Amino acid sequence: MRRTRFFLPTLREDPSEAETVSHKLLLRGGFIRKVASGIYNFLPLGFRVLKKIENIVREEMNKAGALEILMPLVQPAELWKETGRWEAYGKELLRFKDRKEHDFCLGPTHEEIVTDLVRKEVRSYRDLPLILYQIAPKFRDEIRPRFGLMRAREFLMKDAYSFDADLEGVEKSYQLMYSTYCKIFENCGLKFKAVKAHTGAMGGDFSHEFMVLSETGEDTLAICENCGYASNIELTPAISKASYPIEPIKPLEKVYTPGVRSAKDVAEYLGFPLEKITKTLIYIIEEKEPIAVVIRGDHELNEVKLEKILGGKAFRLATEEEILKLTGAHPGFLGPKGLSMKIIVDKALENYPNFVIGANEDNYHYVNANLGETFKADLLADLRKATQGDLCPQCDKELFFLKGIEVGHIFKLGTKYSSAMRATFLDRDGKEKPILMGCYGIGVSRIISAAIEQNNDEKGIIFPWAIAPFQIGIISLNKIFSDKAEKLYSELSALWEVLYDDREESPGVKFKDMDLIGIPLQLILGKSFQERGEIEVKIRKKDERFYVREENLKNFISEISKTL
């Protein structure tokens, strides 16, 4: 492709709206343009990358025996009501009515649609196993879209669904998709980790997330280098190797703490270490039952663990008005002593002597509180997020933590959807049984952002060879090389994807644009070509330069591309 014939509006400055590196570079490099909050146009450069990723996904899914279909973005409410998700899914589900006043939604996922399809067509165990997939737009009405393609409202997703007759089949389908996902992300040139994960709104009892490793990731991963344990921190048991010092129980004392609300401020005001302070949080379960959750001030509550303890019931933090009515105090002065509600206490407070709690009275706290003496727990449980220094639940070695960007998620759904929607089959004995399902998603458009977060420098993007919009860029530094550049462009375009910058711009502008958009190989016709007949080859990934004679160029590119 000639640069003069290509629509590539690059920007010299970082857009003010962009927060992450990938968002800045996608806008600056002319890959995307914003239409509305969380909704983007893909320009020609961005579309090329999107299609490359899509083709990698499609190739591996087809190799696995999955069959591609296409399902509608617009979905009728009736199917969602069968599974109960019309009410349960929340505000991310964009609901609307058509001209006949029928309820519809824009699909954030397609479990209901695909289950409806299969229940109408599959009758016997002979029709199973079956894996169907699509690569199609999704819409989730995120409350706060951010980071460009990382958390957009409209995005391109590959979603697949497996249908099996028995648990053995489910396991085979799951492992097949697990290995297929590994191949997909390897072929995209990404460094990733598969970790155990929370199933969330999708349901099911088992899942793995595929995380691209990046310090800008929103998720934290707990990893054990000794035994290979890996999980999202949401699922990681918090196992401390520390033991509390033996300390005599001191008498409870009420102290004046004027205007001091946060655990950190209370610690500073009293001159105590932060771990001696506790936080009491009030939650409302299913809009009716209040509960109190007590954790150490230096720990963070893991709401996924709380959700499991509550049996999946809906819950939310109480409002300040509700807290005042329930406790008589404002947030910041809450404590478990004297509360007339269920109290759940984190295990880290077990056998922990003389800590600080709120007094349920504004501007007051208690010091020297003790579990069992000052108040009793209705339930003692692992509630906190694991932290540095905690131990692996499999081998007791110390965990370490990484940041990651979720690009894929696979689930064992079981009969969650098939039972609700009566998607059944006749087994070998002629008995009717619900089909066993699995669900497998990849954020195709999100992979673009994840790849850039993992592969960039101060000059711009460094695309892996497999997903680069163009693999080779040609830059001629002098008009006297125009004929040679044209010949090179023509010959190489028959073998690779080439962008020839034929603009009448300065060399500096051309170099900056090539670096910005992340072309893996740059071929430069300049001084070395004029003096020695050698083409300068710049490798974007390492900023290395080689000087190659024209007759050796194709072989050189073929070999070096294997490392990119």
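Here is a chat about a predicted model of a protein chain.

Student: What does the C-alpha trace span along its principal axes?

Tutor: About 90 × 70 × 55 Å.

Student: And how much of the protein chain is buried?

Tutor: Of its 564 residues, 53% are buried. As for the surface, the protein chain exposes about 26,100 Å², with 49% of that coming from carbon and sulfur atoms.

Student: What about charges, how far apart are the mean positions of the positive and negative ones?

Tutor: They are 2 Å apart, counting 82 positive and 86 negative charges.

Student: Let's switch to sheets. What is the strand order in the open sheet of three strands?

Tutor: The order is β13-β19-β18, and the pairing is antiparallel. β13 (253-256) and β18 (355-358) each have a single partner strand, so one side of each has no neighbour in the sheet. From one strand to the next, the twist averages 35°.

Student: How many bridges join β18 to β19?

Tutor: Three, with β19 covering residues 364-369. On the residue level, F355 sits opposite A369 in β19.

Student: Where is T374 found?

Tutor: T374 is in the loop between β19 and β20 (379-381).

Student: Is T374 buried or exposed?

Tutor: T374 counts as buried, because its relative accessibility is 14% and the cut-off for buried is under 20%.

Student: Which residues is T374 in contact with, leaving aside neighbours within four places in sequence?

Tutor: L252, K337, I357, N368 and A369. A369 is the residue that stands opposite F355.

Student: New topic: how many residues of β27 are buried?

Tutor: Five of its five residues, which are 472-476. I472, I474 and S476 point one way, while G473 and I475 point the other way.

Student: Why do side chains alternate like that?

Tutor: In a regular strand, side chains alternate between the two faces of the sheet.

Student: Does β27 pair with β28 in the parallel or the antiparallel sense?

Tutor: Parallel, over four bridges, and β28 covers residues 498-501.

Student: Last one: among contacts between residues at least 6 apart in sequence, what share joins residues at least 24 apart?

Tutor: In the protein chain, that share is 68%.

Technical notes: Residues numbered from 1 in each chain as written. Predicted model: local features only at pLDDT ≥ 70, side-chain atom pairs only at ≥ 80, totals over all residues. Heavy atoms only, no water. Buried < 20%, exposed > 50% of the residue type's maximum accessible area, 1.4 Å probe, protein only. Contact = heavy atoms within 4.5 Å. Areas by Shrake-Rupley, 256 points an atom, 1.4 Å probe, with all protein chains shown as cover. Lys, Arg positive; Asp, Glu negative; His and termini not counted. Charge placed at Lys NZ, Arg CZ, Asp CG, Glu CD. Pairing = 2+ DSSP bridges. Helix = DSSP H or I, 4+ residues; strand = E, 2+ residues; numbered from the N terminus. Axes fitted to C-alpha atoms, helices over the stretch in contact; angles between N-to-C directions.
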